Amino acid sequence: MRIEDDRYCFVCGTHNDIGLHADITTGQDNTAYAKLVIPKNFQGWQDIVHGGIISTLLDEVSIYACRNISQKGVTAEITVKFKKPVPTETEIELRSKVVEIKRRLLLVEAELLVGGIVHASAETKIFNLE
C-alpha cells in the first residue's frame, strides 16, 4: 500500500472544505501540539463534542508526535479515556509525546485539555511503515 498526502485529511488537511483545519506543531523532542476550536456542527449531544471527533483528534496529534521518526506512520491501536465532556465553540489544546520505541512500533501518549484541565487522553500505538 502506498501512502500519499493530498492535503484532504479530515483533521489537518488544508484542501478539505469540511475538515477541522487543525494546525499541529511538532517538536524536536517527538512531541506535537495544537490549539483549536471545535465548531458546533461536530457535536454529539447539545454543545458537547462528539466522542468520535475527540478520538480522531487524539489520533492525529499522536501521529504528528512521530513525524521526526517517521513520515509514514499509521495507527495500529488507540485507547481513549473520556474524563469530562468537551464543549463545542471553546478553545481546546492537544498535546502528545512519543514515550517508547519498540522496533517499528511507536508508543504515544496524548491529551486533550480545556482550560488546562485534561478532558480526554489516549495511548496510541503507531506502526512505522518506513
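These legends walk through several close-up views of a predicted model.

View 1. Starting at the N terminus, the elements follow the order β-β-α-β-β-β-β. The C-alpha trace spans about 45 × 30 × 25 Å along its principal axes. A compact globule of 130 residues would have a radius of gyration near 14 Å, and the chain agrees with that, at 14 Å. Of the 130 residues, 38% are buried. The chain exposes about 7,700 Å², and carbon and sulfur atoms supply 50% of that area. As you trace the fold, keep sequence distance in mind: of the contacts between residues at least 6 apart in sequence, 62% join residues at least 24 apart.

**View 2. The largest nonpolar core, built from 32 residues.** Here you can look for Leu 36, Ile 38, Leu 57, Leu 58, Ile 92, Leu 94 and Leu 112, the residues with the most contacts inside this core. At least two core residues come from each of β2, α1, β4, β5 and β6 (117–128). Helix α1 gives the most, with 8 residues.

**View 3. Ile 38 and its contacts.** Ile 38 is among the residues with the most contacts inside the largest nonpolar core. Which residues does Ile 38 touch once its neighbours within four places in sequence are left aside? They are Leu 20, Val 49, Ile 53, Leu 57, Thr 88, Glu 89, Thr 90 and Ile 92. Two of these partners, Leu 57 and Ile 92, are also named with Ile 38 among the residues with the most contacts inside the core.

**View 4. Ile 54, a buried residue of helix α1.** Ile 54 has a relative accessibility of 3%, so it counts as buried. Apart from neighbours within four places in sequence, Ile 54 is in contact with Val 49, Phe 82, Val 86, Leu 112 and Ala 120. Of these, Leu 112 is one of the residues with the most contacts inside the largest nonpolar core. For a sense of scale, the C-alpha atoms of Ile 54 and Glu 77 are separated by 15 Å, with the two residues 23 apart along the chain.

**View 5. An aromatic pair made by Phe 10 and Phe 42.** The structure holds 1 aromatic pair.

**View 6. Arg 67 over the face of Tyr 64.** This view brings an arginine and an aromatic ring together. Arg 67 lies at 4.2 Å from the centre of the Tyr 64 ring.

**View 7. Arg 7 and His 21, in the segment before β1.** Arg 7 is partly exposed, with a relative accessible area of 43%. Not counting residues up to four places away in sequence, Arg 7 touches Gly 13, Thr 14, His 15 and Asn 16. His 21 is also partly exposed, with a relative accessible area of 40%. Take a look at the backbone of His 21 too: its phi is near 55°, a positive value in a residue other than glycine.

**View 8. Val 99 in strand β4.** Val 99 has a relative accessible area of 46%, so it counts as partly exposed. Beyond its neighbours within four places in sequence, Val 99 is in contact with Leu 107, Val 108 and Glu 109. Glu 123 lies 24 residues from Val 99 along the chain, and the C-alpha atoms of the two are separated by 9.8 Å.

**View 9. Arg 103, in the loop between β4 (91–102) and β5 (105–114).** What is the phi of Arg 103? The angle is near 55°, a positive value in a residue other than glycine. With a relative accessibility of 83%, Arg 103 counts as exposed.

Terms used: Residues are numbered from 1 along each chain as its sequence is written. This is a predicted model: local features need pLDDT of at least 70, side-chain atom pairs count only at pLDDT 80 or more; totals for chains, interfaces and linings use all residues. Side-chain values use heavy atoms; hydrogens and water are left out. Rings of Phe, Tyr and Trp (its six-membered ring) pair if their centres lie within 6.5 Å; planes under 30 degrees apart count as stacked, over 60 as edge-to-face and the rest as tilted. A charge sits over a ring if NZ of Lys or CZ of Arg is within 6 Å of the ring centre and within 35 degrees of the ring normal. Helices (H or I, at least four residues) and strands (E, at least two) are DSSP runs, numbered from the N terminus. The radius of gyration is taken over C-alpha atoms; the globule rule is 2.2 Å times the number of residues to the power 0.38. Buried means under 20% relative accessible area, exposed over 50%, partly exposed in between (1.4 Å probe, protein chains only). Contact means heavy atoms within 4.5 Å. Accessible areas come from the Shrake-Rupley method with a 1.4 Å probe; for residues, only the protein chains shown count as cover. A nonpolar core is a set of buried Ala, Val, Leu, Ile, Met, Phe, Trp, Tyr and Cys residues joined through side-chain atoms within 4.5 Å.
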